[in-house]
Amino acid sequence: MAQRAWFPTVGRGRPWLVVVVAATLALVVAALTWWALFRSEPTPWGEVEVDGNRVSVRYVGGECDRSARLDVEETDTEVVLTVQVKRGSLSCSDVGVPRTVRARLEAPVGDREVVDGACRLEKYASYLACSD
C-alpha cells in the first residue's frame with residue numbers, strides 16, 4: 001500500500017514547501033543583486049563651478065564607482081546639488097579618485113545659494129566637505 005505524504009504536493013509529488021522556499025530564495029537573490037548593482041547613494045562634493053545655467057561638481061569617488069549623476073533641485077533662494085553615485089564591487093580599496101559630474105539648470109544661479117544636498121543628511125553632516 002502506498003504511503004501518503006502529510007503535506008500537500010504540486011505536480012508530480014514535489015512538496016509545495018520546496019516550491020515556496022525556492023521562490024523565496026530566488027526573490028532574496030534578485031533583491032540582493034539589484035541592491036549591489038543598481039543602488040546609488042549621495043556623496044558630498046568639494047567644489048562647484050558655475051557657467052551660466054551649467055554646473056560642474058567635483059567630488060572624490062572610488063575606483064569601483066559604476067556611474068554618477070547630479071540631482072538638481074531649484075527654488076527661488078537656493079540650488080541644491082546632490083551627487084548620486086552607483087557603487088561597483090564591495091571589495092574595492094579606499095583610494096579616492098577625483099571625479100566630475102555636470103548638469104544644466106533651469107535658470108542661472110544668480111543670487112541663489114548653492115547647497116550640497118548630501119550635507120543635509122545626518123550621515124554626512126560631519127564630513128570635511130560639508131563644513132563651511
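This is a predicted model, and it holds one aromatic pair. The ring centres of Tyr124 and Tyr127 lie 5.1 Å apart with their planes at 80°, so the pair counts as edge-to-face. The table shows how accessible each partner is.

| Residue | Relative accessible area | Class |
|---|---|---|
| Tyr124 | 4% | buried |
| Tyr127 | 39% | partly exposed |

Now let us turn to the strands. Three of them form an open sheet in the order β4-β5-β8, and their pairing is antiparallel. At the edges sit β4 (47-51) and β8 (96-104), each of which pairs on one side only. From one strand to the next, the twist averages 25°. Five bridges join β4 to β5 (residues 54-62) in the antiparallel sense, and Glu47 stands opposite Arg58 in β5.

Which residues have the most contacts inside the largest nonpolar core? They are Val57, Leu70, Leu81 and Val83, in a core of 13 residues. At least two residues of this core come from each of β5, β7 (78-86) and β8, and β7 gives the largest share, four residues. As a general point, nonpolar side chains tend to be buried together in soluble globular proteins.

Leaving aside neighbours within four places in sequence, Leu81 is in contact with several residues, including Trp45, Val48, Val55, Val57 and Leu70. Its contacts also include Asp71, Val72, Val114, Val115, Asp116 and Gly117.

How values were computed
Residues numbered from 1 in each chain as written. Predicted model: local features only at pLDDT ≥ 70, side-chain atom pairs only at ≥ 80, totals over all residues. Heavy atoms only, no water. Phe/Tyr/Trp six-rings, centres within 6.5 Å; stacked < 30°, edge-to-face > 60°. Buried < 20%, exposed > 50% of the residue type's maximum accessible area, 1.4 Å probe, protein only. Pairing = 2+ DSSP bridges. Axes fitted to C-alpha atoms, helices over the stretch in contact; angles between N-to-C directions. Core = buried A, V, L, I, M, F, W, Y, C linked by side-chain atoms within 4.5 Å. Contact = heavy atoms within 4.5 Å.
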